[in-house]
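This short report is meant for someone looking at the structure for the first time. Please keep the sequence and the model in view while reading.

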2 protein chains.
Amino acid sequence: METMGSLGEFGFIDRISRHISGGDHVLVGPGDDCAVIQSGGKVLLVTCDASLENIHFDCAQASAEEIGWKAAAGAISDIAAMGGLPQHLVVTLGAPASTPVSDLDEMYNGIRGVASPFNTVVIGGDTIRSPHGLLLDITVLGEAPDGKYLLRKGAHSGDMLVVTGTPGRSAAGRLARGEGMDSPALEEAHYHPLPRVAEGQWLNQREEVHALVDVSDGVVQDAGHIACASNLGVAFTSASVAIDPVLVDFCIQRGESIQDYVFYGGEDYELAFAVAADRCETLLRDFREAFDIPVHILGEFSDTFTGTLVDGEPPQSTGWDHFKGEASTN
Amino acid sequence: METMGSLGEFGFIDRISRHISGGDHVLVGPGDDCAVIQSGGKVLLVTCDASLENIHFDCAQASAEEIGWKAAAGAISDIAAMGGLPQHLVVTLGAPASTPVSDLDEMYNGIRGVASPFNTVVIGGDTIRSPHGLLLDITVLGEAPDGKYLLRKGAHSGDMLVVTGTPGRSAAGRLARGEGMDSPALEEAHYHPLPRVAEGQWLNQREEVHALVDVSDGVVQDAGHIACASNLGVAFTSASVAIDPVLVDFCIQRGESIQDYVFYGGEDYELAFAVAADRCETLLRDFREAFDIPVHILGEFSDTFTGTLVDGEPPQSTGWDHFKGEASTN
């Protein structure tokens, strides 16, 4: 019997697309980071992101404030991944009846903490009793500036795959906290990620940027989504991994490979995008002038194959598939 | 220690309102059936409604199609309760990995079954693994026709409290199914409720209608929300309960009081509204000409007291408070 588990998250998304009937004013339906609708003179972006205790977060490791922050950051990041402007949050909160009210206040403090720098406000939601643990589902409404937005599809063969920030730190930060290592910069990356909202809007204005996603499932898997939507392949080389000194220290202490964290780590909420090769160096220079975060070429799109290659081989891991449990092997 | 359970759902909504900072373009924040935002030339309505297996529905009693239908109906009903036009659904679905895909297809068939008569379409969502059972959270985006909408507040002293349809059937239908009684009309009311979308829009056009809610927690409790928001009281008399022959048969078989079902039943997704007393009879006549469903006066608003009275006494039950568990006594 075919089950939710055997289908997997992405198989399921393909399947439910059958149930989508289109409808007037729907410019983009399920399958990208946000749905896009035309509403009067505006182009609206809508996304939601759900997280459950013991699946997506662990109350023994994360504070209530961090749980709220991270849930809202993940949802807002989907708006950043279209180059959009987040505006309004709708928060569904489930909690056991025994949950202290002070925890709920802290959770909202976390949600506001990440939302308010973007002038994004909570406008409503639902609260339910959830006996098996906390549940947060955050819907974000936003706007496409001047009606413009970037999709997963649109990359060209030969485009460079570029990633913002320091991917890999989030996965390392979760382990660092769990194992009592003292790595505040890594923990911050995992528990207080900052969605790249301004960066996404900036990229949305550059016509040499052809496709955009955020890094929630790992750079390789998310860049693979651009490749798949664009009918291309994407090739990574380990040698291209920029050396992040914080992550290097962490990996040396553990005797692990930095590439595994950068390529497969996930939950970084950085942006990954496809940019025309001949304009890439100029774009990187302009980006570094505009923003105080790193940005690096990590791969290249090609029409000579499909899927993802790392050093010429299929990747070791496809990252995290929420239905299949732990990061699964290809 | 103050907990989610001791605060209760409505205490919690009051509390989270502290976390709401307003924000440009937010016309109505948390506390009504929908949030209302100004977006370009449009006034948008946004609501969400979450339901969990074994809290809000029971997979041993309801089919997957019915679970999807009812979850979407409850969310769409919040748009009807503002007099709005539902347009787009965002569906968060959580399920154990062992859930058969055919059940998920059926759930979407239910969602589409109730949404498509209103030209409302699924535009996106999220899917997560939920080991302790099914979870559905449905966000609805809609529009206020001509920018007009009805709130809970606004009732005047002396207004009549009017309710559409046949409230009480839903609670009876759940019991009928559970106990194997043969009452298809009652079961349909519980498992395939039809939100009163056209009726809500019609009421929204009538200036003698001052306030509107949907009946999700029971007529007495929901009318109490209008009264509370309007700084009034609302008085019911048992004698005013219109005799619904289907519900009468059910209550006779069980030796129960029909008033209890009508007043406290809940999950009817009918509309309850406050209307100017001197224009009420005309409105009822026009409503009956426009729609093929019953409509009845069940109570009256007053500024001589606050809260709710049934036959001059505080009500026996305040309906269902999701955090406190079973319908709680005042």
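## A helix and its buried side

A residue is called buried when its relative accessible area is under 20%. In this predicted model, helix α4 of chain A, which covers residues 169–178, has buried residues at A:R169, A:S170, A:A171, A:A172, A:G173 and A:A176.

After α4(A) comes A:G180, a residue with a positive phi near 70°.

## How the two copies are related

Chain A can be superposed on chain B by a rotation of 180° with 0.0 Å of shift along the axis, and the RMSD is then 0.0 Å. The two copies are thus related as by a two-fold rotation axis.

Of the interface residues of chain A, 100% are also interface residues in chain B, so the copies meet through the same surface.

## Two strand residues of chain B

Strand β2 of chain B, made up of residues 35–39, contains B:S39, a residue that counts as buried because its relative accessibility is 7%. When neighbours within four places in sequence are left aside, B:S39 is in contact with A:K42 and A:L44 from chain A, and with B:L44 from chain B.

Elsewhere in chain B, strand β9 (residues 233–236) includes B:A235, which is partly exposed, as its relative accessible area is 28%. Not counting residues up to four places away in sequence, B:A235 touches B:L298, B:G299, B:E300, B:F305 and B:L309. From B:A235 to B:T304 the separation is 69 residues in sequence, while their C-alpha atoms are 11 Å apart in space.

## Positive phi values in loops of chain A

Which loop holds A:N54? A:N54 is found between β3 (42–52) and α2 of chain A, and this residue has a positive phi of about 70° although it is not a glycine. With a relative accessible area of 57%, A:N54 is exposed.

A:D146 belongs to the loop that lies between β6 (135–143) and β7 (160–164) of chain A. Its phi is near 55°, which is a positive value in a residue other than glycine, and A:D146 counts as exposed because its relative accessibility is 70%, where the cut-off for exposed is over 50%.

Methods:
Residues numbered from 1 in each chain as written. Chains lettered and ligands numbered in written order. Predicted model: local features only at pLDDT ≥ 70, side-chain atom pairs only at ≥ 80, totals over all residues. Heavy atoms only, no water. Least-squares fit on C-alpha atoms with pLDDT ≥ 70 in both. Contact = heavy atoms within 4.5 Å. Helix = DSSP H or I, 4+ residues; strand = E, 2+ residues; numbered from the N terminus. Buried < 20%, exposed > 50% of the residue type's maximum accessible area, 1.4 Å probe, protein only.
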